[in-house]
Amino acid sequence: MNIYGASKGAMLHGLQVAIEAQGLETLIAATPDEGEEDLESFAGMSALLFDVQLRPVTFFKGYSDLMSKMFSMTGEPMNVVKGLILLTDHSEVIQLQSGLKASAEFQGGLAIDISGGMEISLWYRESKTSVNNRYIVFVLK
């Protein structure tokens, strides 16, 4: 998933979220592709925020880790990114024609919350992944 910002013809790549998985064929009784027979089971999520690689989150690595997490699963998604980013901080004093001074202060920011989850059913041999994105852009005067 990619999120871009556009303003007056300029594009900014703000966010990229990727879910990665490998070696899950044995869980769903599928045949692995050629050369991928010995891959360890793995699932995780990574994110790029303004072209900066954030710490990847690993859901599980290996079959035993998957089983332990399945039995202790709460159903809540795991947080990948949660934070507040100050984008602009501007202060200006304007001399008015009457001699008075006017002060203007602006702060703009971005609040972001990205979480992801993965559900695996061994009985039905299916898996579901989800990525939840919540963000807000704000300006304070």
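1. In this predicted model, the lining of the second largest pocket consists of 11 nonpolar residues, 2 polar residues and no charged residues. The lining comprises 13 residues, and those nearest the centre of the pocket are Ile3, Gly14, Phe50, Leu110 and Val137. The second largest pocket holds about 250 Å³ of space.

2. Which strands each supply at least two residues of this lining? They are β1 (2-7), β2 (10-22), β7 (101-121) and β8 (126-140).

3. A search of the whole structure for salt bridges returns 1. The pair is formed by Arg134 and Asp113, whose closest N and O atoms are 2.4 Å apart. In general terms, side chains of opposite charge can pair when their charged atoms come close.

4. Asp113, by contrast, counts as buried at 8% relative accessibility.

5. With regard to the overall make-up, the chain contains 1 helix and 8 strands. Their order along the sequence is β-β-β-β-β-α-β-β-β. The chain has 141 residues, of which 26% count as buried. It exposes about 10100 Å², and carbon and sulfur atoms supply 54% of that area. Of the contacts between residues at least 6 apart in sequence, 49% join residues at least 24 apart.

6. Ser41 is located in the loop between β2 and β3 (42-49). What is the accessibility of Ser41? Ser41 counts as buried because its relative accessibility is 8%, which falls under the 20% cut-off. The C-alpha atoms of Ser41 and Asp65 are 9.3 Å apart in space, while the two residues are 24 apart in sequence.

7. Not counting residues up to four places away in sequence, Ser46 touches Gln16, Val17, Ala18, Glu20, Gln53 and Pro56.

8. One of the residues touched by Ser46 is Gln16, which is placed in strand β2. Is Gln16 buried, partly exposed or exposed? At a relative accessible area of 29%, Gln16 is partly exposed. Leaving out residues up to four places away in sequence, Gln16 touches Met1, Asn2, Ser46, Ala47 and Leu48. The C-alpha atoms of Gln16 and Ile3 are separated by 6.4 Å, although the residues are 13 apart along the chain; Ile3 is also among the residues nearest the centre of the second largest pocket.

9. Ala104 is part of strand β7, one of the strands that supply the pocket lining. Which residues are in contact with Ala104, leaving aside its neighbours within four places in sequence? They are His90, Ser91 and Glu92. For Ala104 and Glu92, which are 12 residues apart along the chain, the C-alpha separation is 5.2 Å.

10. Most residues other than glycine have a negative phi. Lys8 is found in the loop between β1 and β2. The residue is exposed, with a relative accessible area of 86%.

Technical notes
Residues are numbered from 1 along each chain as its sequence is written. This is a predicted model: local features need pLDDT of at least 70, side-chain atom pairs count only at pLDDT 80 or more; totals for chains, interfaces and linings use all residues. Side-chain values use heavy atoms; hydrogens and water are left out. On a 1 Å grid over the protein atoms alone, a cavity is a set of points where a 1.4 Å probe fits but cannot get out, and a pocket is an open set with protein on both sides within 12 Å along at least five of seven lines; lining residues have an atom within 4 Å of a point. Grid points are joined across faces, edges and corners, and a volume is the space filled by probe spheres set on the points. Helices (H or I, at least four residues) and strands (E, at least two) are DSSP runs, numbered from the N terminus. Ala, Val, Leu, Ile, Met, Phe, Trp, Tyr, Cys and Pro count as nonpolar, Asp, Glu, Lys and Arg as charged, and the others, Gly among them, as polar. A salt bridge is a side-chain nitrogen of Lys or Arg within 4 Å of a carboxyl oxygen of Asp or Glu. Buried means under 20% relative accessible area, exposed over 50%, partly exposed in between (1.4 Å probe, protein chains only). Contact means heavy atoms within 4.5 Å. Accessible areas come from the Shrake-Rupley method with a 1.4 Å probe; for residues, only the protein chains shown count as cover.
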